[in-house]
Every structure is written in structure tokens, then in C-alpha cells.
Amino acid sequence: MRGHTHGQESRDLWGCNMADVETSKSLTGLLNGIAQIVYYNNAEITEELLKNELYPDLTQEEFRAMHEKMKGLLKSIATANMDQAQLEAFLTAQTRKQGTGGVSAEQAAALSRFWKSHRARVRESLLGQSRWEPGLKGLTWRVDLQTSASRGGATNIPVALVELELGRAGEDSDFVCLEFDEAKVNQVLKKMAEIQESIDAIVHRS
Amino acid sequence: MSSSHAKVAVGASKDSSFLGGRIPSEIEIMAKQLKDLDQEMFRKILKAVVSAIEGKDCREAMKAIAENAALPEERLSYVVAGMYRLLKEALRIPTSSLKQEVFKEDLRELRIPEEFITDFASVVFGNRRTALEAVATQQGPRLPSLKDFRWRVDVAISTSSLARALQPSILMQMKLSDGKAHRFEVPVSKFQELRYNVALILKEMNDLEKRSVLKIQD
């Protein structure tokens, strides 16, 4: 990594050159840290940790201001789930702002790079915040052949045993065990075909 | 005993009946009681007992029979108890193991009148058999089964965290036979997995039925 150079270095879309990479690294680290706290529920990351690791030379106030600003920008981008075009327009507007409200070219570049790689994951996290019902986490099953029973009954009939795992993120799951005969499995499969049709209709329209 | 007396599932001795080495006492007592019972009465009682095995409420029918002065209550209770036990024992054994002729032969040994043997056989080997087996299956040990299954497809347009969500999701509600209900969300990707697995289960069950090597027969 070369030290600070000036002037004739080639600049990228945001007008950044090699010298700006150093500041970029800290900012990228900060953005990652913000995402960990706000979207990925990582309890190990704290504001203090971020300051000490990334910006040890700033004062508490200076860091807090930077932190809040970046957090706000990230939130705007995330809530709108900006695509490439929207992001560019947004960041360009930010670079044109005067005073402390705006961002520098290299900061804009860091934000752009960050969003490209984290967009899907952040979106998933936000969608999860609006899910209140427990979700289907998984299922396991087996098919048995029932040969006899104490009180009699039909013999040599296949019986399916299914275990559904239901729960919310971060909570213990519920395990629901059911049994099905062939007729019931057929019924359920038919309903699933109906569900699929319904989904296809929606996806097609959007 | 003649060589046509085939070996049955119960008991090692070739002389034992489908009822086992020792005939249950209520059946022996019933056999004695059947001696001078008229067939019409016998059939009425048999009908009520079969109803009871099917899980239906037969109190009215039994009351009507009991009120018939021709039959003392004690005798009626012996006949009912014996019939119930006899049928239950016979229905427990799959038809592949207990053949009609053997069944009839075993009942002849108990000195049950021939016309009653025919009536018993028509219950055990007739077309009512499937319904009776279905009830017995219901009563056996089982895990809860699915009684009701409803679903809904939602599309989240916008949420408090996401201005433009446009995310389809499936909401399912299951009511089980033990009374419990479960409501849960299924993301579209998980739904594909669920559907695939259900189809696989059905295929496995179909294949199992086709595999004749697994048809356990005596």
C-alpha cells in the first residue's frame, strides 16, 4: 500500500484514488459494524468497539457524529431497498451537499461497494422483522408399514410420520409430529398444487 | 382331526382354535346360551353388537331387545358379551391368516348352531369388514393426524422496516385430531422444499404397496 500521493493518480467513478483507500477501509469496517448491530443481531459488536478499532484518533463526539450519519444513510438506503440506479442518484446528491451533512467521494464509493455486497442479506433481515408468526424451519419424515395392532385393524398399510419444526429466529423451536395415511398425503399434495398456482399467478403479474 | 384343518396364526398345537389354547369363558358361556335362541332374536342382538364395535351408540337397540320379555336379562348379557369377544378376536386376525372355513370349523367345535356360524362369518368375512377395520385402526395407538388444513398467500407490499417489500409468503393453519392448532408462515423457498417432500412421501407409499415381497403372509 503506497503512502499518500496527489494529483495525477487515476480516479474512479467517484473520483477516488489510491490515497483514499485507507479512509475507505475504516469506513467499510464501520459500515460492516453498523450492519452487524442493526441488521444481523450480533451482540458482540458495540459502538465503543468500533471506535477503538477503527477510529482511535477521533474524539468521542466526532465518532458519534460520523456513526450517526452513516447509520442514517444506511437506513435510508436499506428501507428503500435501492437498486443500482437509485443508489447512484442518492449518493451523488449526498456528495453535493455542503457542510457536514454531505459525504466525500471516497465515502460514497465505500457505501456503494458495501451496499452491493450486503443488499440481499440486509433485505432478508428487514423482511424478518415483519414476520410475527412462527415459521416453518424444516421437516423430516419416514414411511412405515403397519403390520398389526393390539385391537386389530387394517394390516400392511403404509403410514407416513412427519415432524415439522416451527419457530422464530433466536427462539427454541416447536416440533410437531403427525401421521398420515396415503389418502391424506394425496389431499395435502393437491392443496399444495393449489398454493403453487396461486404463487405463480402473483409472481407472473409482478 | 382332518388334514383340511389348516394351521392358524395363534397357537402351536394344530388343534387350537383361532381363539387360542383356552377359549375365553364368555364365548363358551355364550355358546351354551345360543342353543334355543331363535334366529330372529340372534340377528337383532348381532346387529346391535356389530354397531357397538363400529363405535355407534346402540343403547336404543339394546333397550328394545331387553324389553322383549322372551329373553331374561342375564341370558342376554351372556350372549352380548360372548358375541362381542368372538367378533373382536376374529377381526383382530388378518383375513390372510384366518380363512373362513377354519373360522367356521372352530365355531363348530364350540357347538354353535350352524345357521349362527353363517351369520358370524358374514360379519367377519363380508363387506362390512373394511369399515370395522377402519374403526379399529382409529382406536389404536397413533400420532395426531391432520383434521383441517388451510392456507393463504400474502404479499407484503410495505412494512415498518421496508418501504417496498413486495414479498410473497404463505400462511398455513393446521388443526390436528388432538385438538391442537398450529399457524405458521412458510417462505416461498421453504414451500418448494415442503411440496417436494410431500410428493416424495406419496411416491414412497405407492412403491411400498407395489412391492409384493413385503406383503407379509402366513
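Student: Which residues does F42(B) touch, not counting residues up to four places away in sequence?
Tutor: Keep in mind that this is a predicted model. F42(B) touches L34(B), L37(B), M83(B), F116(B), D119(B) and F120(B). Contact here means heavy atoms within 4.5 Å. F42(B) itself sits in helix α2 of chain B.

Student: How far apart are F42(B) and F116(B) in sequence and in space?
Tutor: They are 74 residues apart in sequence. In space the distance is 7.8 Å, C-alpha to C-alpha.

Student: What makes F42(B) buried?
Tutor: The cut-off is under 20% relative accessible area. F42(B) has 0%, so it is buried.

Student: Why is the pair D36(B) and R75(B) called a salt bridge?
Tutor: The rule asks for a side-chain nitrogen of Lys or Arg within 4 Å of a carboxyl oxygen of Asp or Glu. For D36(B) and R75(B) the closest N and O atoms are 3.3 Å apart, so the pair qualifies.

Student: What does the pair of D36(B) and R75(B) tie together?
Tutor: D36(B) lies in the loop between α1 (25-33) and α2 (39-53) of chain B, and R75(B) lies in helix α4 (residues 73-92) of chain B. The pair therefore ties together parts that are 39 residues apart in sequence.

Student: Is D36(B) buried or exposed?
Tutor: Exposed means over 50%. D36(B) has a relative accessible area of 65%, so it is exposed. R75(B) has 17%, which is under 20%, so R75(B) is buried.

Student: How do you know that R128(B) and E54(B) form a salt bridge?
Tutor: Their side chains meet at 2.9 Å, N to O. The limit is 4 Å, so the label holds. R128(B) is in the loop between α6 (114-125) and α7 (129-139) of chain B, while E54(B) is in the loop between α2 and α3 (59-67) of chain B. This pair ties together parts that are 74 residues apart in sequence.

Student: What separates R92(B) and E89(B) in helix α4 of chain B?
Tutor: They are three residues apart, which is about one helical turn. R92(B) forms a salt bridge with E89(B), and the closest N and O atoms are 3.9 Å apart. That is within 4 Å, so the pair counts. R92(B) is partly exposed at 35%, whereas E89(B) is buried at 18%.

Student: Which residues do salt bridges that share partners join into one network?
Tutor: E26(B), R85(B), E89(B) and R92(B).

Student: How many salt bridges does the rule give over all chains?
Tutor: The count comes to 25.

Student: Which residues make the contact between α2(A) and α3(A)?
Tutor: α2(A) brings E47(A), L50(A) and K51(A). α3(A) brings Q60(A), F63(A), R64(A) and H67(A). The residues of this contact divide into two nonpolar, two polar and three charged.

Student: What makes H182(B) buried?
Tutor: H182(B) has a relative accessible area of 17%, and the limit is 20%, so it is buried. It is found in strand β3 (residues 181-187) of chain B. Leaving aside neighbours within four places in sequence, the contacts of H182(B) include L166(A) and V176(A), as well as M172(B) and L176(B).

Student: Which residues of helix α5 (residues 100-109) of chain B are buried?
Tutor: V102(B), F103(B), K104(B), D106(B) and L107(B). The buried residues of α5(B) pack against α4 and α6 of chain B.

Student: How many helices and strands does chain B have?
Tutor: Eight helices and three strands. Of its 218 residues, 42% count as buried.

Note on methods: Residues are numbered from 1 along each chain as its sequence is written. Chains are lettered from A and ligands numbered from 1 in the order in which they are written. This is a predicted model: local features need pLDDT of at least 70, side-chain atom pairs count only at pLDDT 80 or more; totals for chains, interfaces and linings use all residues. Side-chain values use heavy atoms; hydrogens and water are left out. Helices (H or I, at least four residues) and strands (E, at least two) are DSSP runs, numbered from the N terminus. Buried means under 20% relative accessible area, exposed over 50%, partly exposed in between (1.4 Å probe, protein chains only). Ala, Val, Leu, Ile, Met, Phe, Trp, Tyr, Cys and Pro count as nonpolar, Asp, Glu, Lys and Arg as charged, and the others, Gly among them, as polar.
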